[in-house]
Amino acid sequence: MKILLASTNEEKIKEYKNLFKDTNIQIVLLKDLGYESLDAPEDHETFEENALQKANFYFKKFNIPILSDDSGIVVPILGSFPGVKSKRWMIKSSYLEKTKELIKLSKKSNPHSYYVCSLAFVNKNIKKTFTGTVHGKLSVSKNTNGFAFDNFFIENKTNSFFSDISTSKKNLISHRSKATKKMISYFESKKIK
């Protein structure tokens with residue numbers, strides 16, 4: 001089955017291609033349809049609502065099965081902040097600066113945090129979301145080989161920065177992989193091909 005991945009984020013695209021490589025799902029990109037980018041609205045309060053809003057937007061435009069996600073980091077001591085605002089908060093700042101500010105706001109040296117990924121799948125018959133989380137803590141580091149908060153997020157089970165974990169290992173434990181596995185299980189249980 002061909003599914004349009006509603007993202008232009010190269011790192012996310014790489015992760016999703018890896019996560020779906022052993023399935024019957026073929027990822028189609030916006031650039032395959034002649035678009036460099038296409039901004040969909042993301043103005044809801046939850047990851048699930050934003051993912052579904054984006055998927056509906058793209059489905060209305062292209063009328064093909066759509067996969068979109070909304071993801072971010074949550075620091076519970078800050079009332080689930082930054083959450084859905086992870087990317088847009090302090091938009092001109094680096095993720096290192098954002099991490100330092102979250103640590104300062106939390107008044108803890110390594111505040112508990114967790115990544116959230118909500119995937120939305122939309123076609124003519126289905127509108128469904130799948131959510132995965134992974135828990136850890138934020139810490140300042142000099143890592144530069146990850147994207148977003150990966151350089152500053154220490155995952156609980158491995159006690160390693162996400163950016164230091166191999167792709168194969170990350171694909172077993174990440175928030176994105178957990179959401180994707182739920183979606184694949186749903187497809188298999190409903191015999192969606």
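A salt bridge is a side-chain nitrogen of Lys or Arg within 4 Å of a carboxyl oxygen of Asp or Glu. The views below come from a predicted model.

**View 1. Glu42 forms a salt bridge with Arg88.** The closest N and O atoms of this pair are 3.8 Å apart. That counts as a salt bridge because the cut-off is 4 Å. Glu42 sits in the loop between E2 and H2, and Arg88 in the loop between strand E4 (81–82) and H3, so the pair ties together parts 46 residues apart in sequence. Arg88 is partly exposed, at 36% relative accessible area. Glu42 is partly exposed too, at 27%.

**View 2. Glu42 also meets Lys54 in a salt bridge.** Here the N to O distance is 3.4 Å. Lys54 belongs to helix H2 and Glu42 to the loop between E2 and H2, so this pair ties together parts 12 residues apart in sequence. Is Lys54 buried or exposed? Lys54 is buried, with a relative accessible area of 9%.

**View 3. Lys170 and Glu15 pair through their side chains.** Their salt bridge spans 3.0 Å, N to O. The pair links distant parts of the chain, 155 residues apart. Lys170 is in helix H4 (residues 167–173), and Glu15 is in helix H1 (residues 10–19). Both ends are buried: Lys170 has a relative accessible area of 8%, and Glu15 has 9%. In general, side chains of opposite charge can pair when their charged atoms come close. The structure as a whole holds nine salt bridges.

**View 4. Negative charges gather in a surface patch.** Which residues make up this patch? They are Asp43, Glu45, Glu48 and Glu49. Asp43 lies in the loop between strand E2 (26–29) and helix H2 (47–62). Its relative accessibility is 55%, so Asp43 counts as exposed; the cut-off for exposed is over 50%.

**View 5. Tyr95 touches residues from other parts of the chain.** Tyr95 lies in helix H3 (residues 95–106). What does Tyr95 touch, not counting residues up to four places away in sequence? Its contacts are Ser86, Lys87, Ala148, Phe149 and Phe152. Take Phe152: 57 residues separate Tyr95 and Phe152 along the chain, yet their C-alpha atoms are separated by 8.2 Å. Tyr95 is partly exposed, with a relative accessible area of 24%.

Technical notes:
Residues are numbered from 1 along each chain as its sequence is written. This is a predicted model: local features need pLDDT of at least 70, side-chain atom pairs count only at pLDDT 80 or more; totals for chains, interfaces and linings use all residues. Side-chain values use heavy atoms; hydrogens and water are left out. Patches are made of residues with over 30% relative accessible area and no salt bridge: like charges are joined within 9 Å, nonpolar side chains (Val, Leu, Ile, Met, Phe, Trp, Tyr) within 5 Å. Accessible areas come from the Shrake-Rupley method with a 1.4 Å probe; for residues, only the protein chains shown count as cover. Lys and Arg count as positive and Asp and Glu as negative; His and the chain ends are not counted. The place of a charge is taken as NZ of Lys, CZ of Arg, CG of Asp or CD of Glu. Helices (H or I, at least four residues) and strands (E, at least two) are DSSP runs, numbered from the N terminus. Buried means under 20% relative accessible area, exposed over 50%, partly exposed in between (1.4 Å probe, protein chains only). Contact means heavy atoms within 4.5 Å.
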